[in-house]
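I opened the notebook to look up the fold first, then the side-chain pairings. My entries follow the order in which I checked things.

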Amino acid sequence: MWKLKQIFDGEYGCEERQPGEKEKCLVILANEEGEEKTFEANEDWIAAIEKLSANPLMKIIISKPMAKDCQYRKIVVEKKGDGYQAAKYTEKQVFHDNFGAEDLQGFLMEAIHDTFLQVNAWDEKKNTVF
């Protein structure tokens, strides 16, 4: 399971951002084996993930893969007790991951980044959050 390790604000050094370019941050995720995964993401994307993981969500559906060769067609995350269960759908199978609420942000960052185009989320009152 990938967990959020750190987010670094973008550093542009002597090269400034271009007009209209959103500020980028470096996201570092780590897993239990000590492996790290890094990628750049703009501040709006990070803020959206933080908003999702800060709410008491009951269900999240991640869909619309960016590429046809994407490993999963959709991911459905549901609240189960004190944690969450993610059902990852391929063409013919479903794989499940269970994790705690503290791991939701890292899971969402790893699952969504450069992979899916659509995220829908509902809170405990069945209101659409995202």
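The entries below go from the overall layout to single residues.

**Entry 1: layout.** I am working with a predicted model. From the N terminus on, I read their order as β-β-β-α-β-β-β-β-α-β. I then checked burial: 34% of the 130 residues count as buried. Among contacts with a separation of 6 or more, 46% join residues 24 or more positions apart.

**Entry 2: helix α2.** How many residues of helix α2 are buried? I get 8 of 9 for this helix, residues 104-112, so I wrote it down as mostly covered. The buried set is L104, Q105, G106, F107, L108, M109, A111 and I112. I looked up E110 separately: E110 is partly exposed, with a relative accessible area of 25%. Just after α2, I noted a positive phi of about 55 degrees at D114.

**Entry 3: aromatic rings.** I searched the whole structure for aromatic pairs and got 2. One is Y84 with F99, stacked, at 6.1 Å centre to centre and 25 degrees between the planes. Y84 lies in strand β6 and F99 in strand β7 (residues 94-100), so this pair ties together parts 15 residues apart in sequence. Next I took F99 with F107. Their ring centres are 4.7 Å apart and their planes are at 25 degrees, so I count this pair as stacked too. The cut-off for stacking is under 30 degrees between planes. Ring pairs therefore link Y84, F99 and F107 into a cluster.

F99 has a relative accessible area of 7%. F107 is at 3% and counts as buried.

**Entry 4: charges over rings.** I checked lysines against ring faces. K79 lies over the face of Y84, at 5.0 Å from the ring centre. The charged end of K74 sits over the ring of Y89, 5.1 Å from its centre.

**Entry 5: salt bridges.** A search of the whole structure gave me 4 salt bridges. I looked at E36 with K5, at 2.3 Å, N to O. E36 lies in strand β3 (residues 36-42) and K5 in strand β1 (residues 3-9), so the pair ties together parts 31 residues apart in sequence. E36 is partly exposed at 45% relative accessible area.

I then looked at K37 with E110, at 2.8 Å, N to O. K37 is in strand β3 and E110 in helix α2, so this pair spans 73 residues in sequence. K37 is partly exposed, with a relative accessible area of 29%.

**Entry 6: K88.** I gave K88 its own entry. K88 lies in strand β6 (residues 83-89). Why do I call K88 buried? Its relative accessible area is 13%, and the cut-off for buried is under 20%. Which side chain does K88 meet in a salt bridge? I find D97, at 2.6 Å, N to O. D97 itself is partly exposed at 24%. I also listed the contacts of K88, leaving aside neighbours within four places in sequence: Y72, K74, I75, Q93, V94, F95, D97 and F107. One of these, F107, also belongs to the ring cluster.

Note on methods
Residues numbered from 1 in each chain as written. Predicted model: local features only at pLDDT ≥ 70, side-chain atom pairs only at ≥ 80, totals over all residues. Heavy atoms only, no water. Helix = DSSP H or I, 4+ residues; strand = E, 2+ residues; numbered from the N terminus. Buried < 20%, exposed > 50% of the residue type's maximum accessible area, 1.4 Å probe, protein only. Contact = heavy atoms within 4.5 Å. Phe/Tyr/Trp six-rings, centres within 6.5 Å; stacked < 30°, edge-to-face > 60°. Lys NZ or Arg CZ within 6 Å of the ring centre and 35° of its normal.
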